[in-house]
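Student: I would like to learn how to read a structure like this one, feature by feature. Could you walk me through it?

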Amino acid sequence: MSVATAPAVAPAAPAAPRRSVRRKVVALTVAGLGIAGLGLASAAQLNLTAGALGAGTTVVASCDSNGVAVAFTNAFTASVKGYTVSQVTLNDVAAGCQGQTIGIDLLNTDPTDGSTGASVSHLTGTVPQGGGSVTLSVTGSVKAADVKGVAVVIAG
């Protein structure tokens, strides 16, 4: 009687992909350390000099304690097919503001709703002797429908 033997199994070859992954990890680590070393070497060459820094606070008092009223003059403009703002008038400006600069921005959003918008027109002028009313002309064609808010600054 003869006994049949199973063919011998060849030993498994070492896992080549593992060795390849290790080499990649080592290469990336060495490259990362090299880049970090270059960054430190560059920072070591940075020359700094002393500067000055100042800070302070002060109270900004309003020249007009009861506020001002804003009025608009509108006119129909055929070229824009609608009404445009031609003038902005500030009424009840206090005499204490005389000689100060006025800045008015016509805004395309309501400033109280927290949204960010843009100024569609910026006007500047000066408060006359004794305060009272100040009328500023709008340059260009600003559609009345585009004006959703107004920001006024009186400073001097």
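This is a predicted model: local features need pLDDT of at least 70, side-chain atom pairs count only at pLDDT 80 or more; totals for chains, interfaces and linings use all residues.

Student: Is T126 buried, exposed or partly exposed, and how do I decide?

Tutor: Relative accessible area decides: under 20% is buried, over 50% is exposed, and what falls in between is partly exposed. T126 has 48% relative accessibility, so this residue counts as partly exposed.

Student: Which residues does T126 touch?

Tutor: Leaving out residues up to four places away in sequence, T126 touches G99, Q100, I102 and V134. Take I102 from that list: T126 and I102 are 24 residues apart in sequence, yet their C-alpha atoms are 5.5 Å apart in space.

Student: How do I put that into the context of the whole chain?

Tutor: Begin with the elements. The protein chain has one helix and six strands, and along the sequence they follow the pattern α-β-β-β-β-β-β. Then look at the contacts with a separation of 6 or more: 63% of them are between residues 24 or more positions apart.

Student: What share of the residues is buried?

Tutor: Of the 156 residues in the protein chain, 19% are buried.

Student: Which residues does S121 touch?

Tutor: Not counting residues up to four places away in sequence, S121 touches I104, D105, L106, V138, T139 and V142.

Student: How do I read a nonpolar core?

Tutor: Think of a set of buried nonpolar residues joined through their side chains. The largest one here has 15 residues, and those touching the most other members are V88, I102, I104, L106 and V138. Strand 2 (82-93), strand 3 (101-107) and strand 5 (132-137) are the elements that give two or more residues to this core. The largest share, four residues, comes from strand 2.

Student: What does V138 touch?

Tutor: V138 touches V85, S86, Q87, V88, L106, S121 and L123, again not counting residues up to four places away in sequence.

Student: What about V152, where does this residue lie?

Tutor: V152 lies in strand 6, residues 149-155. At 31% relative accessibility, V152 is partly exposed. Beyond residues up to four places away in sequence, V152 touches V70, L90, G103 and I104. For a C-alpha distance, take V152 and H122: they are 30 residues apart along the chain and separated by 10.0 Å.

Student: Can we look at a loop residue as well?

Tutor: D110 is in the loop between strand 3 and strand 4. With a relative accessible area of 32%, D110 is partly exposed. D110 touches S115 and K148, leaving out residues up to four places away in sequence. The C-alpha atoms of D110 and G149 are separated by 4.8 Å, although the two are 39 residues apart along the chain.

Student: Which residues other than glycine have a positive phi, for instance?

Tutor: K81 is one of them, with phi near 55 degrees. K81 is found in the loop between strand 1 (69-77) and strand 2, and its relative accessible area of 74% makes K81 exposed. D92, another residue other than glycine, has a positive phi near 65 degrees. D92 has its place in strand 2 and is exposed, with a relative accessible area of 54%.

Student: How do I describe a pair of aromatic rings?

Tutor: You give the distance of the centres and the angle of the planes. The count here comes to one aromatic pair. F76 and Y83 form this pair, with 5.7 Å centre to centre and 75 degrees between the planes. Planes over 60 degrees apart count as edge-to-face, so the pair of F76 and Y83 is edge-to-face. F76 is exposed, and so is Y83.

Student: Last one: how do I read a pocket?

Tutor: Ask for the volume, then the lining. The largest pocket has a volume of about 160 Å³. V60, A61, S62, C63, D64, G67, V68, C97, Q100, I154, A155 and G156 line the largest pocket. By class, the lining has seven nonpolar, four polar and one charged residues.

Technical notes
Residues are numbered from 1 along each chain as its sequence is written. Side-chain values use heavy atoms; hydrogens and water are left out. Rings of Phe, Tyr and Trp (its six-membered ring) pair if their centres lie within 6.5 Å; planes under 30 degrees apart count as stacked, over 60 as edge-to-face and the rest as tilted. Buried means under 20% relative accessible area, exposed over 50%, partly exposed in between (1.4 Å probe, protein chains only). Contact means heavy atoms within 4.5 Å. On a 1 Å grid over the protein atoms alone, a cavity is a set of points where a 1.4 Å probe fits but cannot get out, and a pocket is an open set with protein on both sides within 12 Å along at least five of seven lines; lining residues have an atom within 4 Å of a point. Grid points are joined across faces, edges and corners, and a volume is the space filled by probe spheres set on the points. Ala, Val, Leu, Ile, Met, Phe, Trp, Tyr, Cys and Pro count as nonpolar, Asp, Glu, Lys and Arg as charged, and the others, Gly among them, as polar. A nonpolar core is a set of buried Ala, Val, Leu, Ile, Met, Phe, Trp, Tyr and Cys residues joined through side-chain atoms within 4.5 Å.
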